[in-house]
Amino acid sequence: MKTAQEVSKHQYYYDKDGYWVQQEVDLTEEWNRQNGSIGLEEGYGENEDNGDFFLDDIYDIVDSIVPRDDDVAMPALTFRVWIIGIFFATLLASVNTMFTFRTNYFSINPFIVLLVSYPIGHLLARILPTRQLPIPFTSTTFTFNPGPFTYKEHALIYIFCGNASRPAYSLYNIVTQRYLLGQPVSLFMCVLFGIVSQCWGYGLAGACRKFLVRPAAMLWPSTLSVVALLRSIHEGATAGDGVMDRAAAADLDGVAAAPTGSTTDSKRAMVQGSGIKWWSRAKFFWVAMGLMMVYQLVPSFVAPAVGAISILCYIAPNSQRVKMLGSAREGVGMLSLTLDWSIMSQMQPIVSPLWALWNQYVGIWLILWVVVPLLWVNNAFGIDQTLGTAPSQGPNGSGRFPLGQALNSNLLFDKNGKQISSVSLSRQVNNTVVLNEPVYEASKPIYMTTYMAIDYMMYFVAYTATIVHVIVWYGQDLWYRFKSSMRDLDSTDVHAMLMDQYLDVPNSWYFFLIFGTTLVALTIGSFGGFDLPWWAVLLSLFLTVISILPIGTIEAISGQRIGLNVISELIMGFILPGRIVTVMSFKTLTHMGMYQGLAFVEDMKFGHYMKIPPRALFVVQLFSTVYCLVVNVLVAVAVYEGIGVTVMNVNPPAGWNANGYRTFLSAGTIWGAIGTSSFFGPSSPYFKTLAGFLVGLVGPLVPWALHRVFPTASFNLVNVPLLAVLPTAAGSTRSDLVSPFLVGVAVNYFAKRHSHEWWRRYAYVMSAAFDTGAATAISVLLLVVAANANYVITMPYWYLNRYDQESCAPAFYLTCMERLVWGHSYGRNNYTFASDPECALMGSILG
């Protein structure tokens, strides 16, 4: 049986966005308290010969968090769930869809809904009528208010909003085709394509639930933090009052689960006796959210310069090479700082454990501050330093590359290093988009920046490194747990037995979903404008089917998810080069078939732990998926057509240049138009990036071997997949390479060490509050400041609101562009470069 120290590492896991998160409960004390005395089901014990001791670990972990009883009569899918769920789902789906157009992606986490919906649920339980209403033509009745607000309702609301918090990946396909490539794809077909890509995986998830949900061996560690938070909220209402608020009373080490006389009992008495009057977490949330909402107006509108404080640009303003290293927008952001929470939040500095932050930041610093500059200055991929040097695109021209070179960019370049539009490399033929061969022949070879090339290479490293890492560190666990799950599917597991009391969802429902979505995919692939041959649809289904069970097993045990986005591009780009839309659509279906399928499986396991009736869970998952997809598409179309990409791209401090969509188009051009063989083949300068697959195979073996030789040297904390991950794509503002790390150290080291009780109560709540406050401020600014494309409100020019927020660009460029945007002494409405002697050169180059 494992020790408490070993169990603690199960507290860390990848969340749905690929970040490492820490559980909100400390399992160590519970482990020490129980130490194998939980009353495991008959037949399981410490027998290392047959591997059953691995199940002991599972039961101990789960039993410290998940209740072992259930009330079958407890209301679950109620009117309150629909009202609260639809309201927050609409809000989250709308806001997070808008945020996909930001330069640095930022989103609201569904954990926020857990905190906010709780008092709303209780309010509805007080004010809604309790009268039983007869349902026509049936003998049953319906009520708007079945009684007190229950944790099962709360759990269903979370699942409802979990789907809303993840904007559909098909948005990138839809927006790229409709607007960047100019294809006349109907809105109806776009919605159908999105529904297929989202629901395809749901059918597969249901078909696999017998193996990935029911067995106790399939832990799904990320669900345990949600269960712990729900128990803390609901059981806190019945905890002792004392000087603490009721919600906080359960926020001690396992108070909800600990029996009388336990260590946590003495902790409760100690804290109550201290005389400290703690704010409720709800009060802390609203105060922190309000403060952040006001503060976020500063970096987002009033003083954008604090969003990217590029120190090297101030230290060496006359050195272009130093500024390329220090610039967060144009270079690699060396030592660049940010005071913008919307930029810091994408690194999840508060909810990530310190060891995970160390892994991630050491990897980022080595890759971006050492590897990329060395390869760039040595022209490792041919003409790296020539890219972006065309005068018409430099500071005297369009200002596309104000430092005179391109490094942090997701754009493509021709053989002379001049930026070339991805759209120009494509042409419309028979309602599809294919490679524009005359333009390509005149421009080849096509180049990408060193940053973007290494970004791809690191994905190759992370893909194979994740597989090897899981095998060497979790291989024995995987084998024995998979074997045990196949042996008896945990028919004697208490949670499985409790779920057997409910009417299960027939397999036919899931198979009908698979059949129906496949039929729709075949139809819209051929006739809807998404250019997917029938065999490509079936190939996508085949890849998803053979991937979901093994990859799902890996994630269920280790918490590490492997995506199929780049692999699917690689496969289809090799089979059908020259077909941009085909590759993009194939990638969307394949990647989301597995990714969304595993997200559904994760929700099913959460429902399994919370004893949610399976059919109620089915209805909520399916409805919320379709509903949120429709909201995603409509909001994306409204944002793009209402604001327009030109407005988003004209003022860099605004941070709305649709970077994710442009990256998607560039990837479609690389893998689709040009093709895998041409762009990454032996004759390509980027063939060497494929060595990333080999590095990923070997890399995890090094810390694993060192740990076996030096078991006390903490080599087990070295996570190669995490070291290789670059959280944001090329083209993002890289002022997030220092500040989030400092925040993580401040909260999770100093605050945790010197004010542990404050940290335990408020750290994660503060993170959620900051995310919500920043998101609210940014949304308001987008709708108020930039909603009208004909009249964009600009903050008056001052020192912290320069055209280039980090002030790395040449002084004359800043002066001329600021006169163009703000008017200066020439008047905004009639200003031209030609009328300004100091800026006439820019006008002559631009024509």
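In the predicted model, the side chains of Glu-757 and Arg-761 meet in a salt bridge, with a nitrogen-to-oxygen distance of 2.9 Å. The two residues stand four positions apart in helix α32 (residues 756–785) and are therefore separated by about one helical turn. Glu-757 is buried, with a relative accessible area of 17%, and Arg-761 is also buried, with a relative accessible area of 1%.

A search of the whole structure finds eleven salt bridges, among them one between the side chains of Glu-641 and Arg-178, at 3.5 Å from N to O. Since Glu-641 belongs to helix α24 (residues 614–643) and Arg-178 to helix α7 (residues 170–180), this pair ties together parts that are 463 residues apart in sequence. Glu-641 is exposed, its relative accessible area being 52%, whereas Arg-178, at 19% relative accessibility, counts as buried because the cut-off for that class is under 20%. A further salt bridge links Lys-444 with Glu-441, whose closest N and O atoms are 3.1 Å apart; here Lys-444 counts as partly exposed at 37% relative accessibility, and Glu-441 likewise counts as partly exposed at 47%.

With regard to the protein as a whole, the secondary structure comes to 34 helices and nine strands, and 62% of the 847 residues count as buried. Among contacts with a separation of 6 or more, 79% are accounted for by residues 24 or more positions apart. The protein exposes about 31,700 Å², of which carbon and sulfur atoms supply 65%.

The largest nonpolar core has 208 residues, and Leu-368 and Met-448 are those with the most contacts inside it. Helix α23 (residues 580–610) gives the most to this core, contributing 16 residues. When neighbours within four places in sequence are left aside, Met-448 is in contact with Leu-387, Leu-411, Leu-412, Ala-453, Tyr-456, Ile-670, Phe-679, Phe-680 and Tyr-686.

Ser-666 is placed in helix α26 (residues 659–674) and counts as buried, with a relative accessibility of 2%.

Among the strands, β7 (residues 426–429) and β8 (residues 432–435) run antiparallel and are joined by four bridges. Within this pairing, Gln-428 has Val-433 of β8 as its bridge partner. The hairpin that β7 and β8 form has two residues between the strands, and in this hairpin Asn-430 takes a positive phi near 50°.

Helices α28 (691–698) and α29 (701–709) are the elements that give two or more residues to the nonpolar patch.

Notes. Residues numbered from 1 in each chain as written. Predicted model: local features only at pLDDT ≥ 70, side-chain atom pairs only at ≥ 80, totals over all residues. Heavy atoms only, no water. Pairing = 2+ DSSP bridges. Core = buried A, V, L, I, M, F, W, Y, C linked by side-chain atoms within 4.5 Å. Buried < 20%, exposed > 50% of the residue type's maximum accessible area, 1.4 Å probe, protein only. Contact = heavy atoms within 4.5 Å. Areas by Shrake-Rupley, 256 points an atom, 1.4 Å probe, with all protein chains shown as cover. Salt bridge = Lys/Arg side-chain N within 4 Å of Asp/Glu carboxyl O.
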